[in-house]
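Please look through the structure below, and keep the sequence at hand while reading the report that comes after.

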Amino acid sequence: MEMEEVLSEVLQRIRPSEEERAFVEALMEELRTITEEKINELGLDVRPYFVGSLAKDTYLAGDHDVDLFLAFPLETPLEELREKGLELGKAIAEKLDSYEIAYAEHPYVRARYRGVSVDLVPCYDVRSWKDVRTAVDRSILHTKWVNENLRGRNDEVRLLKRFLKGINAYGSEIYVRGFSGYLAEILVIKYGSFLDVAERADFILRQKIIDPADWLRKEPEIALKTVKRETEEDRPLIVIDPVDPRRNVSANLSWEKYGRFYFKSMEFLENPSVKFFFPPEKPKGNYLDELRKRGTALVTLLIDVPDMVDDILLPQLERSARGFEKALEREGFRVLGWDVGRKGKAFIMLELDRDTREKVKIKPGPEFFTERGRNFYRKNEKVWVIGKRLYSEKRVTKSVVEAIIELLDKNQVSLGKGIRDAVREADILLNYVPKELEREAYLFLSKEKWNLKE
């Protein structure tokens, strides 16, 4: 297919229809009315703002999550903002279909209304970066900046977002480490279109620093401090937030996810296809066949962590997996790769070069001129004397499961702080996984989960 045909077909699938737009606008209007009623009823001085992709009109068809921010005056004490913000969020949510309390920097309300997820988030009514006091405050400024600078390139953002989703590089959550929607918007504003961004994948990486609001000239001291800090952290990109010189928009973007974007952009430009945006489902393989073919061993730890959110859990699982990798290497097992996640229970998967290993143990014995010395001499194969003591050596076979249990008992694995006890209580499975993890095990062992080439 020609490039124009591909982009046109993709746009037809991702651009919201007129009916969908009407639904979204009516939904936002209803939410605004309910919110303003509740603000008046509670006698609060709060301004409601819609933020995120709905407010910027960069949302994809069928993706209608609403972010409604409840902005309190700057002089409000933080404790009061938390308390009154939660009270207001709950009062609004009572008029919606259902809700729960979620926790980020401070508690907020996550509701459902007419089949759509609605986040009701208290924040400060900031006018500039100097007013920012909590992590969420900038969202109001982000929405304003994008709306002022996008200039009708909304569909270009949609194409970039869908491309990033298709290649599995979208989302700045700590357990994804990809491109955020805001970063996609900045790149389109800076470079012009989806194709312009894709064509510059190499240039962007070499340029390293993107400064759309010219902070390096306007606030050199603060902006240079940001650049220095982020350079030391070895980030693939430094995108100085156009609304705040202290922040790198791409701080969570990993080298791995930029690598995906780098190669997939190159492939797409060489051979345009809809499959980059909507990849076909990968065939289901059998993890046991993969194990036999590879001649390796698979160890899976199933960990019970019911109350932990993914943002906190997944970095701790990664840290623990690295801890097992180091500890098992010390024990003579080679770890060929690891994977973590949650499907019901949390899991850590480790692929090893083998499931058992022989180990030589030196056994100190008694003094050679005693009755026990003569017995020791008779019983052991290799025996020698150092000073007046006898020594021998024996070979012991140790399974990887025994090694893991021993390492955990002796506290010799560096584990994520919040899940130490849970990992110690984990079920340890060898060359077998429960049904819900069979696909994950296959994708892990075959490397399909990370494979750059189709």
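The report takes up strands, helices and a cavity in turn.

## The model

The structure is a predicted model, and the descriptions below should be read with that in mind.

## An open sheet of three strands

An open sheet is built from 3 strands in the order E11-E13-E12, and their pairing is antiparallel. Strand E11, which covers residues 356–367, and strand E12, which covers residues 382–386, stand at the edges with a single partner strand each, so one side of each is left without a neighbour in the sheet. From one strand to the next, the twist averages 35°.

Strand E13, made of residues 389–399, is joined to E12 by 5 bridges, and these two strands run antiparallel. To find one of the pairs in the structure, look for Val 385, whose bridge partner in E13 is Leu 390. Helix H15, residues 371–379, lies across E11, E12 and E13, and it runs at about 150° to E11.

Strand E2, residues 66–72, is mostly covered, since 6 of its 7 residues are buried. Strand E1, residues 47–51, is joined to E2 by 5 bridges in an antiparallel arrangement, and here Phe 50 has Leu 68 of E2 as its bridge partner.

E2 also pairs with strand E5, residues 116–124, but in this case the sense is parallel and there are 7 bridges. Within this pairing, Val 66 stands opposite Val 118 in E5.

## Helix H12 and what it packs against

Helix H12 runs through residues 255–270, which makes 16 residues, and it reaches 23 Å from its first C-alpha to its last, close to the 22 Å expected at 1.5 Å a residue. Which residues of H12 are buried? They are Lys 257, Tyr 258, Gly 259, Arg 260, Phe 261, Lys 264, Ser 265 and Phe 268. As a general point, an α-helix has 3.6 residues a turn, so residues three or four places apart point the same way.

## A cavity

Rolling a probe the size of a water molecule over the atoms shows where empty space is left. With a cut-off of 30 Å³ or more, the count comes to 1 cavity, and the largest cavity has a volume of about 30 Å³.

Which residues line the largest cavity? Its lining consists of Ser 172, Gly 178, Ser 180, Leu 183, Val 249, Ser 250, Ala 251, Asn 252 and Leu 253.

Key: Residues numbered from 1 in each chain as written. Predicted model: local features only at pLDDT ≥ 70, side-chain atom pairs only at ≥ 80, totals over all residues. Heavy atoms only, no water. Pairing = 2+ DSSP bridges. Helix = DSSP H or I, 4+ residues; strand = E, 2+ residues; numbered from the N terminus. Axes fitted to C-alpha atoms, helices over the stretch in contact; angles between N-to-C directions. Contact = heavy atoms within 4.5 Å. Expected span 1.5 Å × (residues − 1). Buried < 20%, exposed > 50% of the residue type's maximum accessible area, 1.4 Å probe, protein only. 1 Å grid on protein atoms, 1.4 Å probe; cavity = no way out; pocket = protein on both sides within 12 Å on 5 of 7 lines; lining within 4 Å. Points joined across faces, edges and corners; volume = space filled by probe spheres on them.
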